[in-house]
Amino acid sequence: AAQVVFSSGSVSPTGEKQMKYILVTGGVISGVGKGIISSSLGVLLKNNGYKVTAIKIDPYINIDAGIFSPYEHGEVYVLDDGGEVDLDLGNYERFLNIRLTKDNNITTGKIYQWVIERERRGDYLGKTVQTIPHLTDAIIKWIERVAKIPVDGSDETPDVCIIELGGTIGDIEGMAFLAAFERFQRPALRDTLMNVHVSLIMHPDATGEPKTKPMQNSVRHLRAAGLMPDLLVCRTTDELQPHLREKIAAFGLVDLEQVIGVHDVSNIYKVPLLLESQGSLQAIQKRLHLPPISDEIRRSLKFTMANWAELAQIVDNFVEEVTIVLVGKYIKIADAYASLNKALQHAAIHSKRKLNLKYVNSELLEEVKEGEEEKSANAWKIVESADGIIVPGGFDKRGIEGMINACKLAREKKIPFLGVCLGMQCATIEYARNVLGIQGANSTEFVKEGLTQRQQVVIDMPEHHSGGMGGTMRLGARTTVFLTEKCKLRTLYGKDEVEERHRHRYEVNPSIVPELSKKGLLFVGMGVDEDSTERFTIHEKKKMSESSAALLQYAEHSKENEDLLSKIDYLCQRGGDGKDKTAVRMEMLELNDHPYYVGAQFHPEYLSHPLQPSPPFLGLLLAASGQLDAVLSGERSSTPLKKVMTGEDSLEALEKLSLAHESRKNHSSLTVNGN
């Protein structure tokens with residue numbers, strides 16, 4: 001058969017594109033930086049013309065990350081298809097500008113579930129089901145299937161799939177996955193898998209010098225598992241010294257150029273540049289026999305490593321600070337708010353400011369406990385001195401009153417404010433209590449019984465409360481429609497409808513919304529639930545349910561009606577329990593006569609990108625730095641990245657990934673489930 005040469009792929013005698021894999025493993029300790037290294041390798045490949053996808057393997061038995069404690073694994077990252085996954089998938093999406101699916105996150109639980117379901121169906125024809133070959137076969141089949149899925153908005157199969165194996169080499173949980181990858185040591189498959197081993201060079205204060213023995217042991221464990229390291233990435237505090245590089249190469253049985261040093265840098269965008277400067281791209285091309293990229297493809301690249309270098313430099317150029325205070329309940333670990341932190345950093349870049357992010361435990365803003373008077377006073381000082389305040393998402397009642405108090409302070413003192421998910425609900429409860437005068441106003445999430453109908457400002461959504469915990473919330477990408485053009489968020493987004501990712505089980509009660517809006521808390525954006533039978537796939541345009549399409553149509557036809565309150569009244573009066581009749585969801589709010597007081601029921605941080613910051617976060621940073629009015633009026637540009645974003649090319653590429661709903665023109669009036 002004739003050979004087929006792909007523009008940026010392998011030569012295949014059958015004409016089928018041969019997938020190449022990079023397996024990233026870790027040693028010594030977990031949290032050594034495998035996620036950033038994996039993302040950075042992807043940046044090197046993508047910005048040189050190769051198409052890249054990514055898979056994260058988490059060896060825990062949980063089906064997904066949905067009900068993890070933030071203190072154990074950090075935030076739960078949500079994808080377009082509603083998948084609740086490891087936060088490293090957020091790194092992949094932000095670095096590589098791709099959109100992944102829940103199948104890009106593999107867990108031991110998922111693999112066992114899949115194998116057991118097949119066994120129950122009789123697919124194994126009565127054979128004894130074993131770890132090898134059945135479980136390992138299932139792992140490889142899953143990877144091969146998912147690796148072929150386009151993730152960059154095009155229809156082209158990726159050239160390289162980067163696979164990050166969570167945990168450390170030697171963990172019993174990861175043994176089945178390592179056994180699965182052993183098959184790539186066969187001669188026929190040897191050139192399709194490359195192993196990048198990331199390990200820590202210890203530097204104990206007691207010795208005063210770096211120690212490489214732990215890394216040597218991790219390499220020994222890797223070899224015992226049947227894998228040979230092709231690149232050894234050494235994580236260090238300071239730059240890796242030449243004599244240490246030589247020692248590691250000698251004990252690791254690798255060539256000197258296979259030892260890559262990655263020391264601490266001022267911003268994470270410099271990590272791909274570190275890898276590039278040490279020949280990592282050439283090592284990958286050589287090891288996987290990747291064909292060179294043609295001049296035509298190079299010329300067509302919208303974003304190159306030169307652009308990336310400019311981005312990394314710009315981030316460190318800002319001197320003027322803006323102080324944002326995050327009032328939350330999981331502040332003991334920064335990764336609990338990983339995407340939110342990144343979204344603030346992206347917005348700071350485009351606001352031309354150096355971000356000074358401070359964390360305040362919301363419990364310290366509640367009634368002062370004995371012995372915590374000084375802590376409470378200091379917490380209040382930090383919040384009161386903020387340029388901007390953000391109240392993030394969360395669950396359960398702990399620390400809620402402190403979050404509500406922070407909302408009150410931001411409203412009364414006119415401090416720029418953004419409430420995300422639970423934060424928006426807290427802002428609504430505060431307004432109901434202190435402006436509408438509803439004593440005891442609260443959420444049914446925090447007070448299960450005893451609230452009057454009027455006190456139930458936030459209520460549960462029955463169709464998303466099936467009794468189980470995992471995967472039962474309102475999850476994934478959904479459309480929000482602006483009911484007016486005369487609001488800050490509409491100007492920041494620049495379009496009439498937006499698609500953002502959700503993760504919540506409770507919502508603002510529509511019955512109280514008209515009263516809140518008449519008092520100045522305007523619900524400027526609304527949405528509905530799509531029919532589950534018409535949920536979109538990430539690789540085709542999202543189908544619209546009748547109700548969602550009708551809401552879009554209503555918003556379109558009522559543009560000339562500038563009476564926002566009448567629109568809110570009409571939509572909220574329709575009711576709907578989400579089961580028999582579609583409910584209208586409260587998605588965005590803005591407060592009148594305030595520099596910037598905004599709430600979003602969705603999580604805008606999940607879709608923030610260094611080149612295209614999330615609009616609600618950008619608004620917060622601009623308001624906190626006194627630039628919002630000038631930007632909204634068009635007097636000032638909001639980004640220093642014009643040179644980085646070559647023309648509008650990069651933004652166009654980002655827009656291709658947007659899964660905005662397709663407008664339908666065949667509804668002339670609002671109908672909900674045919675009513």
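**Figure 1. Strand E14 is covered on both faces**. In this predicted model, strand E14 spans residues 388–391. Gly-388 and Ile-390 lie on one side of the strand, Ile-389 and Val-391 lie on the other, and all are buried. In a regular strand, side chains alternate between the two faces of the sheet. Strand E12 (residues 321–328) runs parallel to E14 and is joined to it by 3 bridges. Within this pairing, Ile-324 has Gly-388 of E14 as its bridge partner. E14 is also joined by 3 bridges to strand E15 (residues 417–420), again in the parallel sense. Here Ile-389 stands opposite Phe-417 of E15.

**Figure 2. The largest nonpolar core has 92 residues**. The residues with the most contacts inside this core are Val-327, Ile-389, Ile-390, Phe-523, Met-526, Met-586 and Phe-617. Two of these names, Ile-389 and Ile-390, belong to the buried residues of strand E14. Leaving out residues up to four places away in sequence, Met-586 touches Met-424, Glu-507, Val-508, Pro-510, Val-513, Phe-523, Gly-525, Met-526, Cys-572 and Gln-601. A second, separate core has 53 residues, among them Ile-36, Ala-54, Tyr-77 and Val-262.

**Figure 3. Ser-517 is a buried residue of helix H18**. The helix covers residues 513–518. The relative accessible area of Ser-517 is 2%, and residues under 20% count as buried. Apart from neighbours within four places in sequence, Ser-517 is in contact with Leu-522, Phe-523, Leu-565 and Ile-568. One of these, Phe-523, is also among the residues with the most contacts inside the largest nonpolar core, and Phe-523 is touched by Met-586 as well.

**Figure 4. Strand E9 pairs with E3 and with E10**. 8 of the 8 residues of strand E9 (residues 193–200) are buried, so the strand is largely enclosed by the rest of the structure. Leu-193, Asn-195, His-197 and Ser-199 point one way from E9, while Met-194, Val-196, Val-198 and Leu-200 point the other way. Strand E3 (residues 20–27) pairs with E9 in the parallel sense over 7 bridges. The bridge partner of Tyr-21 in E9 is Leu-193. E9 is also joined to strand E10 (residues 231–236) by 5 bridges, and these two strands run parallel. Val-198 stands opposite Val-233 of E10.

**Figure 5. Tyr-269 and Trp-308 form an edge-to-face aromatic pair**. A search of the whole structure finds 13 aromatic pairs. In the pair formed by Tyr-269 and Trp-308, the centres are 5.9 Å apart and the planes are at 70°. Tyr-269 lies in the loop between strand E11 (259–263) and helix H9 (271–277), and Trp-308 lies in helix H12 (residues 305–315), so the pair ties together parts that are 39 residues apart in sequence. Tyr-269 is buried, with a relative accessible area of 4%. Trp-308 is buried too, and its relative accessible area is 4%. Phe-95, Tyr-269, Phe-303 and Trp-308 form one aromatic cluster.

**Figure 6. Helix H3 is largely enclosed by the rest of the structure**. Just after H3, Asn-97 takes a positive phi of about 55°.

**Figure 7. Two lysines lie over aromatic rings**. Lys-213 lies over the face of Phe-251, 5.8 Å from the ring centre. The charged end of Lys-332 sits over the ring of Tyr-71, at 5.7 Å from its centre.

**Figure 8. Gln-627 lies in the loop between helices H21 and H22**. Helix H21 covers 615–624 and helix H22 covers 628–632. Gln-627 is buried, with a relative accessible area of 4%. Not counting residues up to four places away in sequence, Gln-627 touches Ser-351, Arg-353, Leu-622 and Arg-636. A polar atom of the Gln-627 side chain lies 2.9 Å from the backbone oxygen of Ser-351. The C-alpha atoms of Gln-627 and Ser-637 are separated by 9.7 Å, and the two residues are 10 residues apart along the chain.

Methods:
Residues are numbered from 1 along each chain as its sequence is written. This is a predicted model: local features need pLDDT of at least 70, side-chain atom pairs count only at pLDDT 80 or more; totals for chains, interfaces and linings use all residues. Side-chain values use heavy atoms; hydrogens and water are left out. A nonpolar core is a set of buried Ala, Val, Leu, Ile, Met, Phe, Trp, Tyr and Cys residues joined through side-chain atoms within 4.5 Å. Buried means under 20% relative accessible area, exposed over 50%, partly exposed in between (1.4 Å probe, protein chains only). Contact means heavy atoms within 4.5 Å. Rings of Phe, Tyr and Trp (its six-membered ring) pair if their centres lie within 6.5 Å; planes under 30 degrees apart count as stacked, over 60 as edge-to-face and the rest as tilted. Helices (H or I, at least four residues) and strands (E, at least two) are DSSP runs, numbered from the N terminus. A charge sits over a ring if NZ of Lys or CZ of Arg is within 6 Å of the ring centre and within 35 degrees of the ring normal. A polar contact is a pair of N or O atoms within 3.5 Å; within protein, one must be able to donate a hydrogen and the other to accept it, and residues adjacent in sequence count only if both atoms are side-chain atoms. Two strands pair if DSSP finds at least two bridges between them.
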